Amino acid sequence: MSLHDPFIVAGREFGSRLLTGTGKYDSFETMREALTASGSEIVTVAVRRIDLDAREDDITAFLPEDVLLLPNTSGCETAEEAVRSARLARAGGLPDWVKLEVIPDPRYLLPDPVETLRAAAILVEDGFTVLPYVLPDPVLQKKLEEVGCATVMPLASPIGSGRGLKLRDAIRIMVEQAEVPLVVDAGLGSPSHAAESMELGADAVLVNTAIARAGDPVAMARAFKLAVEAGRAAFHAGVMAESVEAAASSPLAGAIHEP
Amino acid sequence: MTSVSVNGRDQAVEDGETVAGLLERLGLGARYALVERNGEPVERARYPEVRLEDGDRLVVARPVAGG
């Protein structure tokens with residue numbers, strides 16, 4: 001594997017293949033330390049109305065320097081709401097990159113494919129770099145690529161569930177036919193899930209809860225960083241083919257007890 | 001005086017007040033405030049020049065923790 005293996009999105013190079021979210025940390029100080037330990041260069045934020053009665057800290061003051069802020073459209077249930085949220089963020093000075101999520105279902109937080117595709121087309125047309133969050137659907141992937149999305153980001157399992165790759169075969173098909181980077185986003189509960197995604201050929205993973213809610217978020221951020229690097233290296237090295245039967249590692253002939 | 005609504009709450013402002021002036025009045029001057037006026041996003045560079053009109057509906061938002 002070449003040492004220079006950048007993750008390239010919309011022509012921009014990143015050294016890290018681990019994207020991280022900023023939600024669910026106990027404090028912004030812990031978040032900052034964990035983000036630094038993760039080595040992430042792309043960090044998501046949400047956009048919400050300011051509570052005029054509260055005096056809350058400004059999250060942007062706690063983010064490591066040089067990371068790309070990736071505003072999401074969480075909380076939006078239709079294409080129109082997502083487009084409105086993205087445009088507000090961009091006008092106010094956030095990057096013109098958007099993690100597009102359109103989620104009408106509060107129980108499983110599953111994204112609406114029809115509204116996501118509709119919003120993606122509008123936002124690409126409007127000059128955004130669009131990173132849509134979707135179910136692992138290879139047909140939808142092609143449609144999102146056709147309208148000009150910069151990545152496609154299928155979920156491993158529901159957001160915050162920590163259950164790992166539950167639709168592995170669908171993601172394998174997406175890897176095989178991907179024309180823009182494939183980022184496994186949501187549901188990764190442990191570094192082994194991240195490594196598995198990378199071994200499968202995902203270009204990157206996005207992790208939030210598994211780091212933020214770990215016993216030691218900073219140590220877990222480092223563990224995810226290593227897992228993503230290991231998984232990527234394994235992908236390049238070529239993972240061996242599985243077989244149902246055993247294949248001995250030691251010579252079958254010449255055992256000591258033989259006559 | 002001019003009256004506008006900010007995140008659903010009525011707010012009195014000086015006649016001719018700008019978006020930047022309103023943010024300062026709300027104590028948000030130094031923040032990463034994102035502003036929508038009557039359903040249209042306002043470019044940050046224009047905060048000092050966009051003047052509020054009576055009855056304007058404003059949404060003021062900001063980046064927060066999220067995944």
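The structure is a predicted model, in which local features need pLDDT of at least 70, side-chain atom pairs count only at pLDDT 80 or more, and totals for chains, interfaces and linings use all residues. Residues are numbered from 1 along each chain as its sequence is written, while chains are lettered from A and ligands numbered from 1 in the order in which they are written.

The secondary structure of chain A comes to eight helices and ten strands; helices (H or I, at least four residues) and strands (E, at least two) are DSSP runs, numbered from the N terminus. Chain A has a radius of gyration of 20 Å, close to the 18 Å that the globule rule gives for 259 residues, so chain A is as compact as a globular protein of that length. The radius of gyration is taken over C-alpha atoms, and the globule rule is 2.2 Å times the number of residues to the power 0.38. The C-alpha trace of chain A spans about 90 × 40 × 40 Å along its principal axes. Of the 259 residues in chain A, 45% are buried. A residue is buried if 20 or more other C-beta atoms lie within 10 Å of its own, exposed if 12 or fewer, and partly exposed in between, with C-beta atoms placed from the backbone. Among the contacts in chain A with a separation of 6 or more, 63% are between residues 24 or more positions apart; two residues are in contact if their C-beta atoms, placed from the backbone, lie within 7 Å.

Helix α2 of chain A covers residues 79-91. Its 13 residues reach 18 Å from the first C-alpha to the last, close to the 18 Å expected at 1.5 Å a residue; the expected span is 1.5 Å times one less than the number of residues. The buried residues of α2(A) include A79(A), A82(A), V83(A), L88(A) and R90(A). After α2(A) comes G93(A), whose phi is positive, near 110°.

In chain A, three strands form an open sheet with parallel pairing, in the order β6-β7-β8. Two strands pair if DSSP finds at least two bridges between them. The edges of this sheet are β6 (97-100) and β8 (153-154) of chain A, each of which pairs on one side only. Four bridges link β6(A) to β7(A) (residues 129-134) in the parallel sense. K99(A) has L131(A) in β7(A) as its bridge partner. Helix α3 (residues 113-125) of chain A packs on the sheet, where it touches β6 and β7 of chain A, and its direction makes about 175° with that of β7(A). For this angle, axes are lines fitted to C-alpha atoms, for helices over the stretch in contact, and angles run from 0 to 180 degrees between N-to-C directions.

D185(A) lies in strand β9 (residues 183-185) of chain A. This residue counts as buried because it has 30 C-beta neighbours inside 10 Å. Residues up to four places away in sequence aside, D185(A) touches Y133(A), M153(A), L155(A) and L206(A). S243(A) is 58 residues from D185(A) in sequence and 30 Å from it in space, C-alpha to C-alpha.

Chain B has one helix and five strands, which follow the pattern β-β-α-β-β-β along the sequence. Its radius of gyration is 11 Å, which agrees with the value near 11 Å for a compact globule of 67 residues. The C-alpha trace of chain B spans about 40 × 25 × 20 Å along its principal axes, and 37% of its 67 residues count as buried.

Within chain B, β5(B) pairs in the parallel sense with strand β1 (residues 2-6) over two bridges, with S5(B) opposite R57(B). Strand β3 (residues 34-37) of chain B runs antiparallel to β5(B), and four bridges join them; here R37(B) has L58(B) as its bridge partner.

Strand pairing also crosses between the chains. Strand β4 (residues 42-49) of chain A and strand β5 (residues 57-65) of chain B pair in the antiparallel sense over five bridges. R48(A) stands opposite R62(B), and V45(A) stands opposite A65(B). The contact takes 28 residues from chain A and 24 residues from chain B. On the side of chain B that touches chain A, β3 and β5 of chain B each supply at least two residues, and β5(B) gives the most, with seven residues. The residues of this side divide into 15 nonpolar, three polar and six charged. Ala, Val, Leu, Ile, Met, Phe, Trp, Tyr, Cys and Pro count as nonpolar, Asp, Glu, Lys and Arg as charged, and the others, Gly among them, as polar.
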